[in-house]
Structure formats: C-alpha cells, structure tokens
Amino acid sequence: MSFEGLKLSYMLSCFVLGLIVLSPTLVMVITLPGGERFSELWILGPGHMAEDYPFDVRAGESYSVYVGVGNHMGSSSYYVVYVKFRNQSEALPNATAGTPSPLSPLYEYRVFLEDGESWEGPLNFSFSGVLLSGNQYLVERLRINGVVFTVDKLASWDGENNGYFYQLFIELWIYSADLDEFQFHNRFVGVWLNMGG
Amino acid sequence: MVKHKSFVCFMFILMFSLFAHVCFADKVEAEKALVDAENDLASAYVSVAEAEKAGADVSGLLVKLEFAGALLVEAYNINGTGDYDKAYWFAVNCSESVNEIVGEALSLKLEAENAYSGRLFMTAALSSVALCVLFVLGLFGWRFLKRRYLRRVLRMKPEVREG
C-alpha cells in the first residue's frame, strides 16, 4: 500500500470511529422519518366479530354493532366519529375527493388515542315511527345509544335487491392542531339495513 | 318586620339573578357553553400533544381527555333533545375538567423538556470527551503507523555490496 493510501484509509477509519462515538448525541438531535401514518375505522357485529351484522330490521327492536378506531399516526390523535343515516338516494362520502357526506351527523363519539392504540365502543340502535305507505317506507325516529333523533327518512322499494334500504354509516374525522379544526380523515364504513325485511 | 321581609326579598332576587343562569340556562347559553367546551377540549388536546412531543408520558392525561370528551358528547346529545339546563351543566363540567388537564400537561411538558436537556447535555459531554480521546489517540496512532511504514520501506531499500 502506498503512503497516500495508508493515510486515506487511516483518516476514514478515524472518521467512522468519530461517528460511532457521536451517534448517541446524533440520535437525540436528529428525528428520523417514521413509517406510513394512517388510522383505522371499523364496524363489528354484536359478538365483536366481522359477522352477524344486522340487516333485516323492523321498528321496536334493538340492534347492536361495535364501532372501532385504530391510531397509527405516530403520535396521540383526537378523533370524532360521526354516525349518519341515509337512504339510497342520499350521498355517501367521496373517497376520491376526500369529502364527507353532506348529511348532518346524528350521534358522535370523541376518541383520544395514543399511537398504536385502538378503541371500540357500542352502537345500539332501534327505529320507531316506521310507516309503510304505497311503495315507500318512512322512518320518523332513530334511537342511538339511548338518544332519540328525528330523521323522517323515506326509502323507496328497490326492485333489484328486493327491499327498502337504509344505511347507517360512520365517518372518521381527525383534529388538526395546525388548522385548529376537525378534518374529514377519508375513512368511512357502514351497514346496510333492509327495513321490514 | 316589613324591613326584614323586604331585605329577605331583595337577597332572594339577588341570589336568583346571580345563579339563575346555572339553574335555568336557555338555548343561547347552552350553545355558548358547548362552543366554549369544544374549544377548551381542543386546546387541552393541543397541550397534551405538545407534552407528548417533548417526550412526556401522557397516557394518564389521555384518559382524562376521554372523560371530558364523553361529557361533551353527552352535552351535545342532551342539547339536541332540548334540555338546555342539563346540556349547559355537562358542557361547563367538560370545560372545568379540561382546565386541570392543561395545567398538568404544561408541568409534564416542562419536566420532560428538563429531563431531555439534562440527558442531551450528559450525552453530548460524554461524546465530546470520547471524541477528544479519539483525536489524541488518533494522532499517536498515526505517528506510530507512519514510523512503522517508513521503517518497512527503508528495509526494502536495495543494499550495495562490494564484489
């Protein structure tokens, strides 16, 4: 090995050793980018499993599902889960545009989660003031977790799928500290309900 | 006697006017309390998030936020049914429980920042000492290596013999 080669390799070794010695301080100062950040939203059936979802529903009976949220955002997050109710002609959120459904929320859950944690809460619901007139069903009131909401929602007969269909769906919103407001987190999920089925 | 009665009446009216808004909140008051509670809860969350960013363990505070959030949800739901007194009460309770959280988050943040500064100072000091030792050893090492290299090169020099 030439003298210049020896000098260069010695300097490189010293530099690497220096970096190793400095690494504990560097780790404390430099923040490395984390993995993918996302949130989960789900609905489970009455047995906390993805089965036995209520489908054929009628007035006066109680139904139960579970709503869940998972936080993988890299830090604690503040979520609001809005429960909405629609018939087939009303709009769902637009996943492509990232916009929520224009329908007003009926019920809400407020959830604070640490990174990597998840939460699950009950969603008990029942219907009252259900009227069948011609080929239309009218649902006047929806009770969610003991709170009664006047919905006055009509559903027409769906000849293709044979039923009067409604959808109970949930939207996930997340609080943005930068904007000082909740933003639609582009996550939604729902259960289809066949009234009088 | 008349004087005494009118004094009692006056005191009753005074007390009623002072506490009437607590006992009989109207829609406007309830909605204002809801907006305040909403803002208080959001600021408390921001304080907790800042404390977490500083390295504090905020799991206890998140449980309290969860409780305050449940109060706010209750307030919204009851407000929807038209029971404004109860909605007002829940919203005010939410704001009160949240005020404690802000204070706790601030002290946790300060503690975490102090602990971080101490740790950073200690680590940086140790690293600096180690770096100085490495530099001195490096110089000595280089001198040793250079001398050894030159000796080896000189040994390789061809010798001239008489013949």
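In what order do the elements of chain B run from the N terminus on? They run α-α-α-α, and the count for chain B is 4 helices and 0 strands, where helices are DSSP runs of H or I with at least four residues, strands are runs of E with at least two, and both are numbered from the N terminus. Before going further, please keep in mind that this is a predicted model, in which local features need pLDDT of at least 70 and side-chain atom pairs count only at pLDDT 80 or more, while totals for chains, interfaces and linings use all residues. Residues are numbered from 1 along each chain as its sequence is written, and chains are lettered from A and ligands numbered from 1 in the order in which they are written.

Let me begin with the helix pairs. Helix H2 (residues 27-53) and helix H3 (residues 59-81) of chain B pack at an angle of about 160°, with their axes 11 Å apart; axes here are lines fitted to C-alpha atoms, for helices over the stretch in contact, and angles run from 0 to 180 degrees between N-to-C directions. H2(B) and H3(B) are therefore roughly antiparallel to each other, given that angles over 145 degrees count as roughly antiparallel, under 35 as roughly parallel, 65 to 115 as roughly perpendicular and the rest as oblique. Residues of H2(B) including Leu34(B), Ala37(B) and Val48(B) meet residues of H3(B), among them Leu72(B), Ala75(B) and Tyr76(B), a contact being a pair of C-beta atoms, placed from the backbone, within 7 Å. The residues of this contact divide into 14 nonpolar, 2 polar and 1 charged, with Ala, Val, Leu, Ile, Met, Phe, Trp, Tyr, Cys and Pro taken as nonpolar, Asp, Glu, Lys and Arg as charged, and the others, Gly among them, as polar.

H2(B) also packs with H4(B), at an angle of about 20° and with the axes 8 Å apart, and these two helices are therefore roughly parallel to each other. By class, the contact of H2(B) with H4(B) has 21 nonpolar, 4 polar and 6 charged residues.

Of the 68 residues in the largest nonpolar core, Val81(A), Val48(B), Ala75(B), Ala91(B) and Cys94(B) touch the most other members. Such a core is a set of buried Ala, Val, Leu, Ile, Met, Phe, Trp, Tyr and Cys residues joined through C-beta atoms within 7 Å, and a residue is buried if 20 or more other C-beta atoms lie within 10 Å of its own, exposed if 12 or fewer, and partly exposed in between. Leaving aside its neighbours within four places in sequence, Ala75(B) is in contact with Leu34(B), Ala37(B), Ala87(B), Phe90(B), Ala91(B) and Cys94(B). Buried residues make up 26% of the 163 residues in chain B.

Between the chains, the contact takes 23 residues from chain A and 28 from chain B, and H1(A) gives the most to the chain A side, with 11 residues.

Finally, the backbone of chain A. Most residues other than glycine have a negative phi. Asp52(A), however, has a phi near 55°; it lies in the loop between strand S1 (38-44) and strand S2 (56-57) and is exposed, with 12 other C-beta atoms within 10 Å. Asn186(A) has a positive phi of about 60°, lies in strand S10 (residues 181-195), and counts as partly exposed, with 19 C-beta neighbours inside 10 Å.

How values were computed: Contact = placed C-beta atoms within 7 Å.
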